[in-house]
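I opened this model to look up its fold, its sheet and a few side chains. My notes follow the order in which I looked.

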Amino acid sequence: YQAVFLSKAQVLRYHHNDINHLESLLREYKNDPMPKFIVTETVFGMDGDIAPLEEIVILAKKFGAFLYLDEAHATGLFGVNGYGLSTTLDLKNVPHIIMGTFSKAIGASGGYIACHKIIRDFIINKAPGFIYSTAPSPVVVGGAFKAWKLVKSLREERKTLQSLGKTLHKMLKAHGFNIGTSETHIVPVILNEENKCLKIQKALLQEGVIVSCIRPPTVPPGTSRG
């Protein structure tokens with residue numbers, strides 16, 4: 001959103017994972033001379049579902065759009081050797097940026113972008129959020145670098161995590177909980193009412209269980225969850 005604010009770009013939101021709606025917006029603005037960007041998470045952090053990435057790539061090629069993929073919740077866990085779902089896509093001839101974080105599966109802090117050298121040089125020299133931020137310490141860089149190298153060897157750990165996620169899906173559904181469209185290790189328990197979510201969070205904390213209560217504006221009204 002900071003990039004949108006600074007660039008004064010127009011933002012058009014398409015319905016969650018609705019490829020037809022996305023295509024209709026791209027078609028509506030296909031003759032607009034301004035560049036078009038498709039921005040999406042690959043694995044969604046609030047719902048635990050996965051974007052229809054192959055279809056999105058097809059649309060990016062069809063309408064000449066720049067593709068921006070946020071791999072924050074996929075890095076370390078999905079794709080070829082655990083390096084994100086973008087590694088499974090044919091991105092030839094599609095201008096793109098892949099963004100990820102070192103603060104989740106990698107276990108450090110900071111983040112990364114993977115892009116063409118021209119884009120990298122532009123960001124280094126023009127992005128105030130990068131220019132005026134403090135560089136990560138050598139300890140953090142070393143830890144992230146080592147963890148990044150280890151990711152490819154953690155195949156069994158990735159399988160175990162996804163297996164546990166599927167087991168949790170089944171258990172929660174069997175007890176009547178709403179987990180939405182989750183299909184990954186990210187499993188929300190959608191409680192709808194904000195106050196109900198906060199009460200359950202407090203009760204669990206008293207039992208020594210720490211959970212987050214995610215509520216508006218992070219998620220739409222009426223979809224608060226733990």
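These entries go from the whole chain to the sheet, then to single residues.

**Ground rules.** I am working on a predicted model, in which local features need pLDDT of at least 70, side-chain atom pairs count only at pLDDT 80 or more, and totals for chains, interfaces and linings use all residues. I number residues from 1 along each chain as its sequence is written, and side-chain values use heavy atoms, with hydrogens and water left out.

**Whole chain.** I looked up the secondary structure and found eight helices and six strands. Helices (H or I, at least four residues) and strands (E, at least two) are DSSP runs, numbered from the N terminus. In sequence order the pattern reads α-α-β-α-β-β-β-α-α-α-α-β-α-β. The C-alpha trace spans about 55 × 45 × 35 Å along its principal axes.

I then looked up burial and found that 33% of the 226 residues count as buried. Buried means under 20% relative accessible area, exposed means over 50%, and partly exposed is in between (1.4 Å probe, protein chains only). The accessible surface of the chain is about 14600 Å², and 60% of that belongs to carbon and sulfur atoms. These areas come from the Shrake-Rupley method with a 1.4 Å probe; for residues, only the protein chains shown count as cover.

For contacts (heavy atoms within 4.5 Å), I took those between residues at least 6 apart in sequence: 58% of them join residues at least 24 apart.

**The sheet.** I traced an open sheet of four strands in the order E1-E2-E3-E4, with mixed pairing. E1 and E4 are the edge strands, each pairing on one side only. On average, neighbouring strands of this sheet are turned by 15 degrees against each other, direction ignored. The axes behind that angle are lines fitted to C-alpha atoms, for helices over the stretch in contact, and angles run from 0 to 180 degrees between N-to-C directions.

I went through the pairings one by one; two strands pair if DSSP finds at least two bridges between them. E1 and E2 run parallel and are joined by five bridges. E2 also pairs with E3 (residues 96-101), in the parallel sense, over four bridges. E3 and E4 (residues 111-114) pair in the antiparallel sense, again over four bridges.

I noted some bridge partners. Val39 has Tyr68 as its partner in E2, and Leu69 has Ile98 as its partner in E3. Ile98 in turn has Ala114 as its partner in E4, while Met99 has Ile113 there.

**Tyr68.** I found Tyr68 in strand E2. At a relative accessible area of 25%, Tyr68 is partly exposed. Leaving out residues up to four places away in sequence, I list Ile38, Val39, Thr40, Ile97 and Met99 as the residues that Tyr68 touches. Tyr68 and Ile98 are 30 residues apart in sequence, yet 6.1 Å apart in space, C-alpha to C-alpha.

**Aromatic pairs.** How many aromatic pairs does a search of the whole structure find? I count five. Rings of Phe, Tyr and Trp (its six-membered ring) pair if their centres lie within 6.5 Å; planes under 30 degrees apart count as stacked, over 60 as edge-to-face and the rest as tilted. Phe37 and Phe66 form a tilted pair, 4.9 Å centre to centre, with 35 degrees between the planes. Phe37 lies in E1 (residues 37-41) and Phe66 in E2 (residues 66-70), so this pair ties together parts that are 29 residues apart in sequence. Phe66 counts as buried at 15% relative accessibility. Elsewhere I noted one aromatic cluster formed by Tyr83, Phe102, Tyr112 and Trp148.

**His73.** Is His73 buried or exposed? Its relative accessible area is 18%, so His73 is buried. I located His73 in the loop between E2 and E3. Apart from neighbours within four places in sequence, His73 is in contact with Glu41, Val43, Phe44, Gly45, Phe78, Lys104, His185 and Ile186.

**Helix H8.** I checked the length of H8 (residues 194-206): at 1.5 Å a residue its 13 residues should span 18 Å, and the end C-alpha atoms are 19 Å apart, which agrees. The expected span is 1.5 Å times one less than the number of residues. Just after H8, Gly208 takes a positive phi of about 85 degrees.
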